[in-house]
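Biologist: I'm new to this one and would like to learn how to read it. Could you walk me through a few features?

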Amino acid sequence: MSDHPRAQISSRKKPQQARSTELVSAILSAAAQVLAREGAQRFTTARVAERAGVSVGSVYQYFPNKAAILFRLQSDEWRQTTDLLRGILEDRSRPPFERLRILVHAFIRSECEEAATRIALNDAAPLYRDAPEAHEARASGDSTVLAFIQEALPGVSQTKCALAAELITTTIGAVGKQFSETPQNPVSIEDYADAVADMFCAYLESLMRA
């Protein structure tokens, strides 16, 4: 167990009026810009307030500290990724392997387009990654992938499906992060995504044959 208390990462209050919602939106937009430009180490509440054109006190009305702001940015990113996963993997008008290919391409393209912010968020992860809120946010995406694998691999045991879902989720996150850390052109992104999709499809096909 850690000897240090965990920083509060939940927002202080939810915006109730349009003006408050606009303020929080402005704070988060400014935070994303500061994070991308300055990185996690130089990210401060004061810099966010200055960029948003508001007082530090206005920021503290909604976010108790910089960890809470960063976690909100990360939570929004996780929610967007989960929506992407669900929208593609639950589209049963397409065969499972086609959906998997579409997902890989969309995910890696997104990683490259938002590389600066995601790299900085990864650097900031120690501030919140072990918090219950973080585990809950990630769990939704994991369950979506598992449900897809069970659909794609009828007759394959629950244990093997769970392992396949975990391997695919972990691998795509790791390779997407590593690949996006250097600038890529559209052709290289497509080629890389094709190779990753080929690998995943071959793996699932091997489980089906077994």
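Biologist: How many aromatic pairs does the count come to?

Modeller: Keep in mind that this is a predicted model. In general, a pair of aromatic rings is described by the distance of the centres and the angle of the planes. Here the count comes to two aromatic pairs. In one, the ring centres of phenylalanine 71 and tryptophan 78 are 6.2 Å apart with planes at 75°, so that pair is edge-to-face. Phenylalanine 71 is buried at 8% relative accessibility, and tryptophan 78 is buried at 16%. Phenylalanine 179 and tyrosine 192 are stacked, with 3.9 Å from centre to centre and 5° between the planes.

Biologist: Which helices does the pair of phenylalanine 179 and tyrosine 192 link?

Modeller: Phenylalanine 179 sits in helix α8 and tyrosine 192 in helix α9, 13 residues apart. Phenylalanine 179 is buried, at 10% relative accessible area, while tyrosine 192 is partly exposed at 27%.

Biologist: And how do I read helix packing? At what angle do the axes of α5 and α9 cross?

Modeller: Two packed helices are described by the angle between their axes and the distance between the axes. For α5 (residues 96–113) and α9 (residues 186–209), the axes come within 9 Å and cross at roughly 145°. The crossing is right-handed, and its contact residues divide into 14 nonpolar, one polar and six charged.

Biologist: Which residues is isoleucine 108 in contact with, sequence neighbours within four places aside?

Modeller: Phe179, Ile189, Tyr192, Ala193 and Val196, leaving those neighbours out. Ile108 is also among the residues that touch the most other members of the largest nonpolar core, which has 32 residues.

How values were computed: Residues numbered from 1 in each chain as written. Predicted model: local features only at pLDDT ≥ 70, side-chain atom pairs only at ≥ 80, totals over all residues. Heavy atoms only, no water. Axes fitted to C-alpha atoms, helices over the stretch in contact; angles between N-to-C directions. Helix = DSSP H or I, 4+ residues; strand = E, 2+ residues; numbered from the N terminus. Left-handed = near helix turned anticlockwise from the far one by under 90°. Nonpolar A, V, L, I, M, F, W, Y, C, P; charged D, E, K, R; others polar. Core = buried A, V, L, I, M, F, W, Y, C linked by side-chain atoms within 4.5 Å. Buried < 20%, exposed > 50% of the residue type's maximum accessible area, 1.4 Å probe, protein only. Contact = heavy atoms within 4.5 Å. Phe/Tyr/Trp six-rings, centres within 6.5 Å; stacked < 30°, edge-to-face > 60°.
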